[in-house]
Amino acid sequence: HLRLTLHLSCALALLAACLWRIFDYLSPACEPRTMGGTARRLCAGLFAAVCLQIAGGGLVAGLKAGHVSDTFPKMFGVWLPTGLLAMQPTLVNLLDNAVTVHFQHRFFAFAVVGLALVLFAKTRNATTHLKRGTHVVLGLLGVQIILGIGTVVMHVPLLLASAHQATAVALFAASLFLCHCAYGLQPSPTKA
């Protein structure tokens, strides 16, 4: 599961490098100079949170932790399930304990949504690209959460789990686009 997650992370890093160059060519109209520092940091924070959540999803898939509990929002009928931090040392639970990995992946999703909502509020009056990008991210997050809940409740059917993973890649690309709007290259001024 660790090698699977590392492989996934490396693939996403390569995808990010390719997408960044594509964004340079396709969307030079983004104007980072007009963004406030808070909005720029929120874009980066959202992208980092999406990356962490996807890595957590890789651990869930590798450990087959999606099968641990088939109820939502509670796990095993309780908010804090038994076995949550059962391994020693405690930090090992974040990588090797299927209950802990499932729990963190399940509830960290709401932290990602919270960041996206704050970014949406901060960029209400932003450029068209940035505003549309935040709308796309919020829409994808809604779909992603519904797919995630459905995957758990329906005992991890392959088609639903695959759709959940594909939506994660789309969300990765959309949040990277927001970072490009915040930090990307400026179009060079035209000479008269």
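## Close-up views of a helical protein

**Around one phenylalanine.** Setting aside its neighbours within four places in sequence, Phe 172 is in contact with Leu 12, Leu 15, Ala 16, Phe 47, Val 50, Cys 51 and Ile 54. Here, contact means heavy atoms within 4.5 Å. Before you look further, note that this is a predicted model, in which local features need pLDDT of at least 70 and side-chain atom pairs count only at pLDDT 80 or more, while totals for chains, interfaces and linings use all residues. Residues are numbered from 1 along each chain as its sequence is written, and side-chain values use heavy atoms, with hydrogens and water left out.

**The whole protein, for orientation.** The protein has 6 helices and 0 strands; both are DSSP runs numbered from the N terminus, helices being H or I with at least four residues and strands E with at least two. Along the sequence this gives the pattern α-α-α-α-α-α. Taken along the principal axes, the C-alpha atoms fill a box of roughly 70 × 35 × 30 Å. Of the 192 residues, 39% count as buried. Buried means under 20% relative accessible area, exposed means over 50%, and partly exposed lies in between (1.4 Å probe, protein chains only). Of the contacts with a separation of 6 or more, 75% join residues 24 or more positions apart.

**The largest nonpolar core.** This core has 30 residues, and the members that touch the most others are Cys 43, Leu 46, Val 50, Val 137, Leu 141, Phe 172 and Leu 178. Helix 1 (2-26), helix 2, helix 4, helix 5 and helix 6 each supply at least two of its residues. The largest share, 11 residues, comes from helix 6. A nonpolar core is a set of buried Ala, Val, Leu, Ile, Met, Phe, Trp, Tyr and Cys residues joined through side-chain atoms within 4.5 Å. In soluble globular proteins, nonpolar side chains tend to be buried together.

**Helix 1 and its covered side.** The expected span is 1.5 Å times one less than the number of residues. Thr 5, Leu 12, Ala 16, Leu 19, Phe 23 and Asp 24 are the buried residues of helix 1. Helix 2 and helix 6 are among the parts that cover them.

**Helix 5 and its surroundings.** Helix 5 covers residues 128-153, and its 26 residues reach 38 Å from first C-alpha to last, close to the 38 Å expected. Its buried residues include Leu 130, Val 137, Leu 140, Leu 141 and Leu 147. Helix 2 (37-63), helix 4 (98-122) and helix 6 (158-183) are among the elements covering the buried residues of helix 5. Look for Gly 139 as well: this residue of helix 5 is partly exposed, with a relative accessible area of 40%.

**Helix 5 beside helix 6.** The axes of these two helices come within 9 Å and cross at roughly 160°. That makes helix 5 roughly antiparallel to helix 6. Axes are lines fitted to C-alpha atoms, for helices over the stretch in contact, with angles from 0 to 180 degrees between N-to-C directions. Angles under 35 degrees count as roughly parallel, over 145 as roughly antiparallel, 65 to 115 as roughly perpendicular and the rest as oblique. The crossing of helix 5 past helix 6 is left-handed, a term used if the near helix is turned anticlockwise from the far one by less than a right angle; clockwise would be right-handed.

His 164 is found in helix 6 and is buried, with a relative accessible area of 18%. Apart from neighbours within four places in sequence, His 164 is in contact with His 105, Gln 144, Leu 147, Gly 148 and Thr 151.

**Backbone details in the loops.** Start in the loop between helix 2 and helix 3 (93-96), where you will find Pro 73. A cis peptide bond joins Phe 72 to Pro 73, with omega of about 5°. Another cis peptide bond joins Gln 88 and Pro 89, with omega of about -5°. Phe 76 has a positive phi of about 60° although it is not a glycine. Just after helix 5, His 155 takes a positive phi of about 65°. Val 156, in the loop between helix 5 and helix 6, has a positive phi of about 55°.
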